[in-house]
Amino acid sequence: MNAWLAAAADALAAAAGVPRAQLELAPDEVQQLLDLAGLAAHESGARTNAPLLTHLVGRAAAASGKSVAELAAALAADRA
């Protein structure tokens, strides 16, 4: 995670009252989220869908306990 994103995660953890470790992104999660953002932007033709899809994936992961990888695979299967 780069310095800017780490500082944002620090601020979000403090504002949300959650341990900072809960907001840590593993390198594979970063790549999966970037891939999902690219998918949303290219398939939909609207770049604005990229952050919205990654937000939806985050909400789905938090609500279900499923990983980003599992949810990304579900989206890929749905598109096949």
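Helices α2 and α4 pack with their axes 10 Å apart, at an angle of about 30 degrees. Here axes are lines fitted to C-alpha atoms, for helices over the stretch in contact, and angles run from 0 to 180 degrees between N-to-C directions. This is a predicted model, where local features need pLDDT of at least 70, side-chain atom pairs count only at pLDDT 80 or more, and totals for chains, interfaces and linings use all residues. Residues are numbered from 1 along each chain as its sequence is written, and side-chain values use heavy atoms, with hydrogens and water left out.

**α2 with α4**

- The two helices are roughly parallel because of that angle; angles under 35 degrees count as roughly parallel, over 145 as roughly antiparallel, 65 to 115 as roughly perpendicular and the rest as oblique.
- Their crossing is left-handed, which is the word used if the near helix is turned anticlockwise from the far one by less than a right angle, with right-handed used if clockwise.
- On the α2 side, Glu29, Gln32, Leu33, Leu36, Leu39 and Glu43 make the contact, and α4 brings Val68, Ala69, Ala72, Leu75 and Arg79; contact means heavy atoms within 4.5 Å.
- Sorted by class, that contact has 7 nonpolar, 1 polar and 3 charged residues (Ala, Val, Leu, Ile, Met, Phe, Trp, Tyr, Cys and Pro count as nonpolar, Asp, Glu, Lys and Arg as charged, and the others, Gly among them, as polar).

**α2 with α3**

- Helix α2 (residues 27-44) meets helix α3 (residues 49-64) at an angle of about 130 degrees, and their axes are 8 Å apart.
- That makes α2 and α3 oblique to each other, and their crossing is right-handed.
- Leu33, Leu36, Ala37, Ala40, Ala41 and Ser44 of α2 touch α3 through Asn49, Ala50, Leu53, Thr54 and Val57.

**α3 with α4**

- The axes of α3 and helix α4 (residues 68-79) come within 10 Å and cross at roughly 125 degrees, so α3 is oblique to α4.
- This crossing is right-handed.
- From α3 come Leu53, Val57, Ala60 and Ala61, and from α4 come Val68, Leu71 and Leu75.

**Zooming in on Thr54**

- Thr54 sits in helix α3 and touches Leu33 and Ala37, if you don't count residues up to four places away in sequence.
- Thr54 and Ala72 are 18 residues apart in sequence, with 9.8 Å between their C-alpha atoms in space.

**The largest pocket**

- About 810 Å³ of space lies in the largest pocket.
- What counts as a pocket is set on a 1 Å grid over the protein atoms alone: an open set of points where a 1.4 Å probe fits, with protein on both sides within 12 Å along at least five of seven lines; lining residues have an atom within 4 Å of a point.
- Grid points are joined across faces, edges and corners, and the volume is the space filled by probe spheres set on the points.
- Its lining has 25 residues, and Leu23, Leu25, Leu33, Thr54 and Gly58 lie nearest the centre.
- α1 (3-16), α2 and α3 are the elements that give two or more residues to this lining, and α3 gives the largest share, 8 residues.
- In the lining of the largest pocket, 17 residues are nonpolar, 4 polar and 4 charged.

**The whole chain**

- The protein chain has 4 helices and 0 strands, running α-α-α-α from the N terminus on; helices (H or I, at least four residues) and strands (E, at least two) are DSSP runs, numbered from the N terminus.
- Taken along the principal axes, its C-alpha atoms fill a box of roughly 40 × 25 × 20 Å.
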